[in-house]
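Reader: Hey, can you walk me through this one? I'd like to go piece by piece.

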Amino acid sequence: MFLTTGHCPIYFEKSGFEYLRNFLKTISTESQLFIITDQNCKKHCWPVLEPVFHQGQMPLLITLEAGERHKNLENTALIWDSLMNAQAKRNSLVINLGGGVITDMGGFAASVFKRGIPFIHIPTSLLGMVDASIGGKTGIDFKSYRNMIGTFSFPEAVFIWDGFLETLEPGHRKSGMAEAYKHALIDNCGYWDFLKKGDLSFERIIFKSLEIKKKLADKDPKEKSERKKLNFGHTVAHSLEAYFLEKDREIFHGNAVAAGIIVESYLSWKSGFLSLECLEEIKGVITKRFDPILFPAQDVENLINFMKQDEKNDRTGLNFTLLDCVGGAIINQRLSESLVEEGLRYYSEMV
């Protein structure tokens, strides 16, 4: 089974990785293969994937430390250094084996090395499968700010096997679900109703979420209009992640997105777009399924300062995507700092 986007195919693998095997047959035997992964995926996922490669086409592994705090320029330079030491050519192939951190950073490293070498994604986390691995966004963090440096560069293909989810701790699996809830809230009320039931049919969730993201990314690959809907929940989420990274602490991306969904749903209500009934429903579903993020009320101003550096802003101020109903989003909503502060305090007092 596969989805064809406007930029790359997405293959849904069985345990034999037949799609990947067939893809590798199209790669010249003279092309060098590189796998970018982290320590956890090398231990748990690489042994599953290794038999796919025949002896004459065995890739060189570039292994990084795991976690968002390592998605930075220093580790990207380690990737470039490894590629240079191996004398990688522009016809080499980079294979990003990991979650959202690896697909973001590996895609960025490949997209600019020698002005761009081809890469593919093999996501191993639910977050990577439902969101991060498609759409063509690559990037790294800079000075604690999320995704400050990056490119729009599409992989040659994405290969998804949900068997990798068995290697994840429950917290990581739950984290990835936040993006699925976001997809439902911005685009499909029927999908929201399905997710509310709590039936974790990962195959269905992955396919449905990818359908939504594919539709928006195909319409607007460089995020000029429709694709901005996918930013719902993320202005707040990225500020929370930056806030904790600066304190040398990591939080699950999904928990940050869940907090962002609640705050930005509140802002949608306060802005007159979303009904109070919908806000209460969203809040009830999200708080039931995701751990709260605790921060002192006096630090709200710090979070606002992080938001001011958000990649989605323009000269007119803080730029949000808001909801006008369950299943509908509106983009380019400029909000006052005082209103955003109110939303953050609402969340802080709620949890």
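**What covers H14**

Author: The buried residues of helix H14 are covered by, among others, helices H10 (234–246), H11 (253–270), H12 (276–289) and H13 (300–307), plus strands S10 (318–325) and S11 (328–335). Contact here means heavy atoms within 4.5 Å. Helices (H or I, at least four residues) and strands (E, at least two) are DSSP runs, numbered from the N terminus.

Reader: Which residues of H14 are buried?

Author: Leu339, Val340, Gly343, Leu344, Tyr346, Tyr347 and Ser348. Buried means under 20% relative accessible area, exposed over 50%, and partly exposed in between, with a 1.4 Å probe and protein chains only.

Reader: Is this predicted, or what is it?

Author: This is a predicted model, where local features need pLDDT of at least 70, side-chain atom pairs count only at pLDDT 80 or more, and totals for chains, interfaces and linings use all residues. Residues are numbered from 1 along each chain as its sequence is written, and side-chain values use heavy atoms, leaving out hydrogens and water.

Reader: OK, new topic. How many helices and strands are in the chain?

Author: The chain has 14 helices and 11 strands.

Reader: What do S5, H5 and S6 make?

Author: A right-handed β-α-β unit. Right-handed means that, with the strands pointing away from the viewer, the path from the first strand over the helix to the second runs clockwise.

Reader: And how many bridges join S5 to S6?

Author: Five, and strands S5 (residues 93–98) and S6 run parallel. Two strands pair if DSSP finds at least two bridges between them. Asn96 stands opposite His121 in S6.

Reader: How many residues of H5 are buried?

Author: In H5, 12 of its 13 residues are buried, including Ile102, Met105 and Phe108. After H5 comes Lys114, whose phi is positive, near 50°.
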